[in-house]
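Please read them against the coordinates.

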Amino acid sequence: MGIKGLFPLIFDNAPTAVKNLDFKALGGRKVAIDASMSLYQFLIAVRQTDGQQLQNEEGETTSHLVGMFHRTIRIVDNGIKPVYVFDGKPPELKSGELAKRLARRDEAERKQEEIKETGTAEEISRYERRQVKVTRDQNEEAKKLLKLMGVPYVEAPGEAEAQCAELAREKKVYASASEDMDTLTFNTPILLRHMTAPESKKQPVVEIDTEKALALLELTREQFIDLCILLGCDYCDPIRGVGPATAFKLIKEYKSLEKIVEHLRAKEGKIKVPEDWPFEEVRKLFSNPEVTPAKDIDIKWGEPDVEGLVEFLCKQKGFSEDRVRAGAAKLKKGSKTTPQGRIMDFFTAQPQSKGEMQAAAKRKKEALAAEKAKKKAKITSKKR
């Protein structure tokens with residue numbers, strides 16, 4: 001789930017901290033990718049024309065392997081060096097969220113069974129997608145595939161997003177790639193979204209600069225964590241009645257969750273703060289998550305094991321041998337290239353003053369508003 005409403009909040013209030021990138025613009029970069037999120041995306045998106053997951057002749061699901069193989073080749077073929085990070089044991093605080101997800105899957109399964117005879121293929125597929133969960137076996141198959149591809153992976157002791165952020169903070173990689181906005185809360189310097197999105201969607205990669213976002217939001221790191229908790233995350237629910245705009249306003253005015261909770265409880269209004277709201281424990285988790293120190297992680301890319309890939313993907317999983325060998329050739333070519341020094345990396349960027357960033361943000365906000373108004377006027381004109 002990540003952080004509810006965080007992306008639009010940043011986009012609206014710190015627009016210059018967000019930019020769209022062409023995939024090729026990341027050539028020469030090392031990127032830590034949230035493997036668990038990627039596998040979930042593949043299981044949802046990589047499907048047959050009837051909406052069902054891809055399977056081999058034995059009835060084994062292969063959507064996760066198809067997605068991992070082809071998207072990774074696309075990444076490598078664009079000169080990017082990926083390292084995948086897998087989830088470890090979820091924090092105890094996440095048990096409530098995991099229970100909710102299980103309940104939602106059970107409900108989707110029940111509804112799918114109800115409409116099995118009368119529902120359309122699209123309706124049945126929709127409920128089937130809601131039941132998707134990455135299994136332990138699928139994780140292990142993905143790790144085996146990556147090893148055969150010569151692509152490194154890291155097994156995090158806890159949350160993959162936190163481990164990605166650790167690798168980016170310590171300069172092992174340029175950025176963290178995930179759809180979960182809590183990667184920012186775990187303090188990654190740069191977050192990349194849509195890195196593993198289907199190429200057919202033609203979505204640009206969205207880059208979010210954490211330092212710039214905090215400066216434009218005029219928040220300290222501690223206040224940003226408190227804002228994310230207030231918005232609602234995987235570890236505790238938001239306070240009922242406090243939406244993104246109200247949460248941002250409260251953080252700006254009261255500066256910390258302690259003072260916000262004190263204010264809301266003293267006010268005795270419609271907004272009720274649960275007595276057992278565990279914001280202090282969640283804050284500790286975001287501030288000091290369980291990760292393997294980056295200095296203890298050795299990341300190495302190697303050549304693909306072509307025959308091993310053919311054995312695993314073609315003979316065991318039913319892939320096309322021609323496609324696998326063609327993909328392996330691209331991987332082999334990519335393994336022989338090292339990330340090149342980018343010209344901007346040889347210069348120390350002059351930091352913008354807060355005033356300069358705010359002026360740039362204001363210009364971008366005005367331009368976006370003008371573009372939105374233009375589109376609205378065009379639609380109105382067509383209706384006439």
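1. Helices (H or I, at least four residues) and strands (E, at least two) are taken as DSSP runs, numbered from the N terminus. On that basis the protein chain has 16 helices and seven strands. This is a predicted model, in which local features need pLDDT of at least 70 and side-chain atom pairs count only at pLDDT 80 or more, while totals for chains, interfaces and linings use all residues. Residues are numbered from 1 along each chain as its sequence is written, and side-chain values use heavy atoms, with hydrogens and water left out.

2. Of the 384 residues in the protein chain, 47% are buried (under 20% relative accessible area, 1.4 Å probe, protein chains only). Among contacts (heavy atoms within 4.5 Å) with a separation of 6 or more, 72% join residues 24 or more positions apart.

3. How many cavities of 30 Å³ or more does the structure hold? There are two. A cavity here is a set of points, on a 1 Å grid over the protein atoms alone, where a 1.4 Å probe fits but cannot get out; lining residues have an atom within 4 Å of a point. Points are joined across faces, edges and corners, and the volume is the space filled by probe spheres set on them.

4. The largest cavity contains about 80 Å³. Its lining includes V76, I80, K81, P82, M149, G150 and W301. β3 (81-86) and α15 (321-335) each supply at least two lining residues, and α15 gives the most, three. By class, seven lining residues are nonpolar, four polar and one charged (Asp, Glu, Lys and Arg count as charged; Ala, Val, Leu, Ile, Met, Phe, Trp, Tyr, Cys and Pro as nonpolar; the others, Gly among them, as polar).

5. The second largest cavity holds about 50 Å³. Of its 13 lining residues, S38, A177, S178, E179 and T196 lie nearest the centre. β2 (30-34), α2 (35-45) and β6 (190-193) each supply at least two, with the largest share, three residues, coming from α2. This lining has five nonpolar, five polar and three charged residues.

Notes. On a 1 Å grid over the protein atoms alone, a cavity is a set of points where a 1.4 Å probe fits but cannot get out, and a pocket is an open set with protein on both sides within 12 Å along at least five of seven lines; lining residues have an atom within 4 Å of a point. Buried means under 20% relative accessible area, exposed over 50%, partly exposed in between (1.4 Å probe, protein chains only).
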